[in-house]
Amino acid sequence: MTTSSVPRRSVLRILTVAAALAGCATPALDAMAPGAAAFAAAPQTYSLTIRHLDRGGSSTGAYDTTVTGISGPGAGETVHPHNASGTTTVRLPKGRYLLDSYLTTGNTADGTDWVVQPRLDLDRDTTVTVDARTTAPVDVRPPDRSAAFLHGMMVTEVKHDGATRLINRMIATPSLRVAHLGPDAEPGAVKQWYDAYWTTKSADYALGYVFTGPRALTGLTRHPSAKDLATVQVRGGARPGTTGSATVDLEPSAGPTAGLTGRLTVPGTATYFVTPERGTWDITYWAPTTPGAPAKRYNADNITVRAGTTTTRTFDTAPISPARTGQPFTTPAPAPAGTSTRRT
């Protein structure tokens, strides 16, 4: 089986997250002409100054900061203020905002720092300091030390006054560091998902966790043992006259996610070790077909898993149960380049 990064349904979920962030961009004060206003029609605005410090405590321009309006006249607006000096100022209407900042060192091996302030109440001129020294590692790894990291994703959802805002970060290395900034939000207002995917020669690991509270995460450590994980097996049949390999997607049922997709040589079995804490899981299976025929897609959704147990789903072998009814679907594209090739 060949493993790649993000299945098609997951891409749609990620695009939904991106759409939630888009809003109507507001020009940063740094880039505005003298006398211009970011919100000309807003009767009351304040200056938000953001200072960015690297892991050594020095000002840095290596950051990507987003400020998203939650409530007030700026609700739904998104700005990306930046100044190479490390200090940037933007003028915004009074209201509640979500701030997140992604700082880098320029060296991939160093990892990245993601600082999230879920509650920024702008009711006066305000200065916020984003300090990389406050972050702690996201250390989530499988029990098999030979496993290679594929990709991960952290999503933060903030709710306030009937509004919901989402931000996310995809990661290609297991070296993300995170921190909460600012005061607590309301109880239960902050929800975070973290999913990390790893691969070995014989199986894949899908490690996902969900957290809800008044604060964003500052670090995360999870080292599940083999007994803490559930096993999901996907068995693919080979019908007479069909050619090619099957495509298998695995992802959590709930929440924004980046799942796992791969090719399976049939007949064959793909094995996944998953975390029950992430809830139920979905499988999408694209079966190989006879030449010229449309591909068939089978879904097995909301699969309940328990630690220490094995759940098996079999596809494209008669008879087809109602839970795995196929439907015509376009032939899946080849797996992306740079994937790892493994079992059949």
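A: Aspartate 100 counts as buried, at 3% relative accessibility, where buried means under 20% relative accessible area, exposed over 50% and partly exposed in between, with a 1.4 Å probe and protein chains only. This is a predicted model, in which local features need pLDDT of at least 70 and side-chain atom pairs count only at pLDDT 80 or more, while totals for chains, interfaces and linings use all residues. Residues are numbered from 1 along each chain as its sequence is written, and side-chain values use heavy atoms, with hydrogens and water left out.

Q: Which strand is aspartate 100 in?
A: Aspartate 100 lies in strand E7; helices (H or I, at least four residues) and strands (E, at least two) are DSSP runs, numbered from the N terminus.

Q: And what does the side chain of aspartate 100 make a polar contact with?
A: The partner is the side chain of tryptophan 114, at 2.8 Å. A polar contact here is a pair of N or O atoms within 3.5 Å; within protein, one must be able to donate a hydrogen and the other to accept it, and residues adjacent in sequence count only if both atoms are side-chain atoms.

Q: Which residues have the most contacts inside the largest nonpolar core?
A: They are Trp114, Val138, Met154, Leu176 and Tyr194, in a core of 27 residues. A nonpolar core is a set of buried Ala, Val, Leu, Ile, Met, Phe, Trp, Tyr and Cys residues joined through side-chain atoms within 4.5 Å.

Q: Which strands supply that core?
A: Those that each supply at least two residues include E7 (95–104), E8 (112–122), E14 (190–199) and E15 (204–213), and E15 gives the most, with four residues. A second, separate core has 24 residues, among them Val234, Val266, Tyr272 and Val274.

Q: Switching to the backbone, which peptide bond is cis?
A: The bond from valine 266 to proline 267 is cis, with omega near -5°, and proline 267 is placed in the loop between strand E19 (260–264) and strand E20 (268–274).

Q: What about aspartate 161, buried or exposed?
A: Aspartate 161 is exposed, with a relative accessible area of 67%. This residue sits in the loop between E11 and E12, and has a positive phi of about 55° although it is not a glycine.

Q: And where does asparagine 302 lie?
A: Asparagine 302 lies in strand E22, residues 295–303. Asparagine 302 has a positive phi of about 55° without being a glycine, and counts as exposed at 51% relative accessibility.
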